[in-house]
Amino acid sequence: MRLLPLLGRGSIALASAATLAACDSDTPTGVASPSPAVSASVASATGGSVAALPRTFVNTAVVAPTGRTITVKAGQNLQNAINSAAPGDVISVQAGATFTGNFQLPKKSGSGWITIRSSAHGSLPAGTRVGPAEATKMPKLVAPNGSAALRTAAGAHHYRLIGLEIRASTAVSSSNSLVEIGDGSGAQNTVAEIPTHIILDRSYVHGTSSQTVKRCIGLHSAHSAIIDSYVSDCHSKTQDSQAIGGWNGPGPYKIANNYLSGAGENIMFGGADPSISGMLPRDIEISRNHIHKPAAWKGKWLIKNLLELKIGQRVLVEGNVFENNWAAGQTGFAIVLKSTNQGGRATWSQTSDVTLRHNIIKNVAHGVNIAAKPEKYAAVKAARFVFTNNVWDRVGSGTYPGGRLFQVDAIAGLTIESNSAVSTHSALFLHGGRTSALVVRNNAFGKTNYPLLGDAKGTGKRALDHYAPGWIFTGNVLAGGSASSYPTGNWYPSTTASVGFASVSAGNLAISSASKYASAGVNYSTVTSKTSGVVRTYTR
C-alpha cells in the first residue's frame with residue numbers, strides 16, 4: 001500500500017498559521033449530547049448496520065473422546081497411526097520425541113473428532129497459552145524439506161491437535177509453510193474439498209532466527225481455530241511472510257489467545273484469489289492475541305503490517321495487543337484494510353463489516369490505512385468499519401517515525417468512537433474519493449501537526465466537507481486544533497498535556513472522571529480487562 005506524501009500529492013492548501021494555532025476551550029462549542037439518531041443515520045447511509053459482527057463463532061470446547069487411544073512412541077510411524085485412527089479416537093504422541101516427515105490428516109467417514117495430542121497434554125492446561133518453555137512437553141513434528149510438516153487432505157474434518165511442536169529441520173534454509181489447514185491453490189475449488197472443523201490448540205509452530213519461513217500457518221478451511229498457541233519466526237527478506245495467512249476458505253475462524261510474530265503481516269486474509277466463486281473468509285474472531293514484531297528484526301526481514309485484510313467479512317478484532325511496526329517493505333501502518341481482487345479473477349472480493357474494539361496498538365509508525373479499492377482489478381468497495389475503545393500509544397514517535405493515525409480513502413460507513421491516541425502527524429487524514437457515513441465521536445487525540453487534514457483541501461471542516469459530506473464529528477478532544485476552522489461541538493486544548501491523559505509515558509490514555517474532557521476517550525478499565533494477560537514473559 002503506497003503512503004501518500006506527508007503533505008499530499010503536489011501542493012496542499014494548508015490553513016494559515018493563525019488557524020493552526022491552538023485554542024483552549026472549557027466547553028465544546030455548540031455541542032449537543034450524542035443522539036441515538038446518529039446510529040440510525042449511519043445505518044441508513046450504509047444500507048444496514050454500522051458493521052455486522054460475526055454471525056457464528058467457532059466453539060473450541062474440548063469434546064471427550066469416545067474411541068480407543070493409539071499410542072505412538074519414539075521411532076514408531078506417526079502417519080500410520082493417523083491413517084488408522086477413526087472418529088472418536090485419540091492419538092497420544094510421546095512428548096519430547098521427534099517425528100520427521102510431511103504428515104497429512106486424511107479425510108475420514110463419520111463425524112466424531114480425532115484428537116492428536118502430546119502424551120504430556122495434562123501438563124498443558126486447556127485455555128492456557130503455551131510458549132517455548134513448554135516445548136519439552138511436546139512431540140516434535142519436523143519437516144525434512146520446504147513443504148509443510150503437517151497438512152490436511154481434501155475434505156479432512158474434525159481433527160484437534162493439542163500440544164505439538166511443529167517446525168522444519170534446522171538443515172532447511174527456506175520453508176513455504178509449516179502447517180497447511182486447507183489448500184490455498186486452485187486445486188481446492190469445490191466446497192466438498194474444503195477441510196472443516198480443524199483446531200490447532202496449545203501448540204508451538206515456529207521457524208528459527210535465520211530460516212526463511214514464508215507462512216507458518218496457512219488457513220484455507222471452514223470452521224477452524226488456532227488457540228492458546230505460540231507462532232514465531234515467520235519471516236522472509238524477499239517476499240511477504242505471515243504467522244497466519246489465508247484466502248481460500250469460507251470460515252468461520254477463531255484466532256484467540258496466541259503469540260503471533262510474522263514479518264510481512266502477522267495476520268493476513270487475502271494475497272491471492274479464492275478459487276470458488278463468491279467465497280470469502282467470513283465470520284472471523286481475532287481476540288486476545290499478542291501480535292508482535294521483535295525489534296531485533298529491524299533491518300533484517302521484510303516488514304509490512306501487523307494485520308492486513310484484503311478480503312474478509314464480519315471480522316471482530318477484540319482485546320489484542322498490537323506491538324511494533326515500522327517503515328520497511330511499506331510505510332509502517334500497523335493495520336491495513338482494503339478490498340483487493342488480487343489476481344483479477346475474483347470480482348466479488350471485498351473487505352467489509354470489520355469491528356476493532358478494546359485493543360492496544362503501540363510503537364508503530366502509522367495506525368490504520370483504510371481504502372475502498374486501491375488496486376487495479378475490479379472489486380466490491382470496502383464498507384462498514386467500526387473502531388471503538390482502542391488505545392493508540394506512541395504512533396509515529398521514537399524509533400518508528402510517521403504519525404498518521406487514521407488514513408481514509410472512500411469508505412462507505414466508518415465510525416471512530418471513544419478512542420484515545422498519541423500520534424505525531426495527524427489524527428484523521430482524508431484523501432482519494434468520498435467517504436460516506438463518517439462518524440467521529442467522543443475521541444481524545446493528543447497534539448498532532450494536523451489533527452484533521454484533507455489531501456490538497458486543508459484542515460478542519462473544509463477537509464470534512466470535501467471528503468466526507470454528511471459527516472458527524474462531535475464530542476472529540478483534538479489537541480492543537482482550531483475552533484475557528486474545525487467543527488463545533490468539540491474541544492481544542494493546546495497541548496497533549498492539556499488533554500489530561502493519566503500517564504502518556506505508561507500508555508495509560510484514560511482521562512480522569514473529574515476532567516472537563518471526561519466524556520471523551522477510552523474506557524481504560526475495559527481495555528485493561530480485555531487485554532489482561534495478553535502480553536506474557538516467555539522463557540526458553
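Reader: Why is Ala463 called buried?
Author: Buried means under 20% relative accessible area, exposed means over 50%, and partly exposed is in between (1.4 Å probe, protein chains only). Ala463 has 0% relative accessibility, so Ala463 counts as buried.

Reader: What is Ala463 in contact with, leaving aside its neighbours within four places in sequence?
Author: Contact means heavy atoms within 4.5 Å. Ala463 is in contact with Leu430, Leu453, Gly454, Lys457, Gly458 and Ala468, with neighbours within four places in sequence left aside. The C-alpha atoms of Ala463 and Tyr486 are 9.4 Å apart, and 23 residues separate the two along the chain.

Reader: Which helix holds Ala463?
Author: Helix H4, residues 461–467. Helices (H or I, at least four residues) and strands (E, at least two) are DSSP runs, numbered from the N terminus.

Reader: What kind of model is this, and how are its values made?
Author: This is a predicted model; local features need pLDDT of at least 70, side-chain atom pairs count only at pLDDT 80 or more, and totals for chains, interfaces and linings use all residues. Residues are numbered from 1 along each chain as its sequence is written, and side-chain values use heavy atoms, with hydrogens and water left out.

Reader: What is the mean pLDDT of the protein?
Author: The mean is 91, and 91% of the residues reach 70 or more. pLDDT is the predictor's confidence in each residue, from 0 to 100.

Reader: Where does pLDDT stay under 50?
Author: Over residues 1–39, for which the model has 95 contacts beyond four places in sequence. Also over residues 44–49, with nine such contacts. Where pLDDT is low, the predicted coordinates should not be read in detail.

Reader: What makes the radius of gyration agree with a compact globule?
Author: The radius is taken over C-alpha atoms, and the globule rule is 2.2 Å times the number of residues to the power 0.38. For 540 residues, a compact globule would have a radius near 24 Å; the protein has 24 Å, so the two agree. The C-alpha trace spans about 80 × 45 × 40 Å along its principal axes.

Reader: How many helices and strands are there?
Author: Six helices and 44 strands. Among contacts between residues at least 6 apart in sequence, 80% join residues at least 24 apart. Of the 540 residues, 61% count as buried.

Reader: Why is Ala334 called buried?
Author: Ala334 has 0% relative accessibility, so Ala334 passes the buried cut-off. Ala334 is in strand E27, residues 333–338. Residues touching Ala334 include Asn305, Leu306, Ile361 and His366, not counting residues up to four places away in sequence. The C-alpha atoms of Ala334 and Val368 are 6.0 Å apart, with the two 34 residues apart along the chain.

Reader: What makes Gly329 partly exposed?
Author: The relative accessible area of Gly329 is 37%, so Gly329 is partly exposed. Gly329 lies in the loop between strand E26 (321–325) and E27. Gly329 is in contact with Leu302, Ile303 and Lys304, leaving aside neighbours within four places in sequence.

Reader: Is Trp491 buried or exposed?
Author: Buried, because its relative accessibility is 7%. Trp491 sits in the loop between strand E42 (477–478) and helix H5 (496–499). The C-alpha atoms of Trp491 and Phe103 are separated by 60 Å.

Reader: What is the phi of His197?
Author: Near 55°, a positive value in a residue other than glycine. Most residues other than glycine have a negative phi, and most peptide bonds are trans. His197 is in strand E12, residues 196–201. At 22% relative accessible area, His197 is partly exposed.

Reader: And what is the phi of Arg288?
Author: Phi of Arg288 is near 55°, a positive value in a residue other than glycine. Arg288 lies in the loop between strand E22 (282–287) and strand E23 (290–292). Its relative accessibility is 29%, so Arg288 counts as partly exposed.
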